Amino acid sequence: MLALVPARAQTAFEVVPFSSDRWKVEGEYKLEDYRNAQSLYLPQGGKALLPDAQFLNGIIEFDIAFSQERGFKGLRFRAQDDTNYEEFYFRSHQSGNPDAMQYTPVFNGVAAWQLYYGENHSTAYSYKDNEWMHIKLAVQDQRMEVFIDNMEVPVLYVYDLKMKAESGPLGLYSMGSVRFANFKYQPTDSYTFTSKARAFPRLAVGTINNWEVSNAFAEEAIAQQPQLKQDFIDQLKWQKLESEFTGITNLARVAQLAEGKNTVIAKVKITSDKKQLKKLEFGYSDVARVYCNNTILYEGQRVFRSRDYRYLGTIGYFDSIYLPLEKGENEIYMIVTENFGGWGIMARMEDSEGVALK
């Protein structure tokens, strides 16, 4: 007789002391008493991984204490490997500022906070200095709520986790010193959100939401080229990639960043009913060159801290050019180089009358 397998019900919390051999700690660390709690101290670059957790949906809780010196410390979950996972972290030096805490996916080793900021990704909070704060993350499918201490309303609501919902290990990490205590997690599919579900807005007419993206290559291969060489284009390999509901296309979803290979081409074909100029609004991270029919129209950069020490290089529709379209089919190439913080593009036609995107 076959038994029916019910949907996973709520289970008890799994408490995992930092003295447990379930933790795999990388780098220096110290187990110590701190402010009446048995804690794990991680200095710069420390990691503590829980590879057998296989967390998909549920609740994760822990206590954290850090100073307000510059640093980043937080949690990784649903890890598929060492370079693909969801990440939530605290910017200890940004206490009280709109980006005090951050959610970002990590695709192929590229964290993307320059693409994902503001609502759904980051928010303000004033941290206690070197005192325990209790953190609760509730994750269900593509949504997440974050609570601190005794909050009834989450400090951050993420309504669009970017990675596919697949179970994977948990991990803690630090860039800058931090202490963790009282770690536990509870697998469950029955968490009830306090935040309302959000309907995603439709893309604006004229938004380019389908690209072909090349394999990665060295930026030097196309530097100082007012005309792209067709033989170079022809030897590249291409993958199709759709934009997200915001219009942002995260190139790291398909591109592998490696030493000496930091640049890709994203291309789209535009068919025009006549010879005309059409305005294209666009954004990118971090360096971009835009070509129309193999001729360069734009070159610029939005590298983190390249303009002043406060410059973040976040993406948005901050630039525009006029495309000299020929009657018939035109090829648009956006060549994008990643430096740090996100590898992405977004683009839209201000007026799409008389043109078709392919």
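User: Why does D308 count as partly exposed?

Analyst: This is a predicted model, so the values are computed from it. D308 has 31% relative accessibility. Buried means under 20% and exposed means over 50%. The value for D308 falls in between, so D308 counts as partly exposed.

User: What makes R310 exposed?

Analyst: R310 reaches 59% relative accessibility. The cut-off for exposed is over 50%, so R310 passes it.

User: How do you know that D308 forms a salt bridge with R310?

Analyst: The closest N and O atoms of the pair are 3.7 Å apart. The limit is 4 Å between a side-chain nitrogen of Lys or Arg and a carboxyl oxygen of Asp or Glu. The distance lies within that limit, so the pair qualifies.

User: Why is the contact of R22 and D52 called a salt bridge?

Analyst: Their side chains meet at 3.0 Å, N to O. That is within 4 Å, so the pair meets the criterion. R22 sits in the loop between β1 (14-15) and β2 (24-26), while D52 belongs to strand β5, so the bridge ties together parts 30 residues apart in sequence.

User: What are R22 and D52 called by relative accessibility, buried or exposed, or partly exposed?

Analyst: R22 stands at 22%. D52 has a relative accessible area of 43%. Both values lie between 20% and 50%, so both residues are partly exposed.

User: What makes R289 and E299 a salt bridge?

Analyst: The N to O distance between their side chains is 3.3 Å. This falls within 4 Å, so the pair counts. R289 lies in strand β22 (residues 287-292) and E299 in strand β23 (residues 295-301), so the bridge links parts that are ten residues apart in sequence.

User: Why is R289 called buried?

Analyst: R289 has a relative accessible area of 6%.

User: Which residues touch the most other members of the largest nonpolar core?

Analyst: M144 and F183 do, in a core of 39 residues. Members of such a core must be buried, so each has under 20% relative accessible area. F183 touches, among others, V15, W23, L50, F62, L75 and L172, leaving aside residues up to four places away in sequence. Another core lies apart, with 34 residues, including M163, M334, V336 and V355.

User: What is the volume of the largest pocket, and which residues are closest to its centre?

Analyst: The largest pocket has about 820 Å³ of space. Its lining has 36 residues, with F72, Y89, R91, W113 and F340 closest to the centre. A lining residue needs an atom within 4 Å of a pocket point, so each of these meets that test. Strands giving two or more residues include β7 (72-81), β9 (101-107) and β15 (168-175). β8 gives the most, with four residues.

User: How do the residues of this lining divide?

Analyst: The lining of the largest pocket has 17 nonpolar, ten polar and nine charged residues.

User: What lines the second largest pocket?

Analyst: That pocket has a volume of about 230 Å³. Its lining has 13 residues, and L49, R76, A79, D81 and D82 lie nearest the centre. β5 (47-55), β7 and β15 each give two or more residues. β7 gives the most, with four. The lining divides into six nonpolar, two polar and five charged residues.

Conventions: Residues are numbered from 1 along each chain as its sequence is written. This is a predicted model: local features need pLDDT of at least 70, side-chain atom pairs count only at pLDDT 80 or more; totals for chains, interfaces and linings use all residues. Side-chain values use heavy atoms; hydrogens and water are left out. On a 1 Å grid over the protein atoms alone, a cavity is a set of points where a 1.4 Å probe fits but cannot get out, and a pocket is an open set with protein on both sides within 12 Å along at least five of seven lines; lining residues have an atom within 4 Å of a point. Grid points are joined across faces, edges and corners, and a volume is the space filled by probe spheres set on the points. Ala, Val, Leu, Ile, Met, Phe, Trp, Tyr, Cys and Pro count as nonpolar, Asp, Glu, Lys and Arg as charged, and the others, Gly among them, as polar. Buried means under 20% relative accessible area, exposed over 50%, partly exposed in between (1.4 Å probe, protein chains only). A nonpolar core is a set of buried Ala, Val, Leu, Ile, Met, Phe, Trp, Tyr and Cys residues joined through side-chain atoms within 4.5 Å. Contact means heavy atoms within 4.5 Å.
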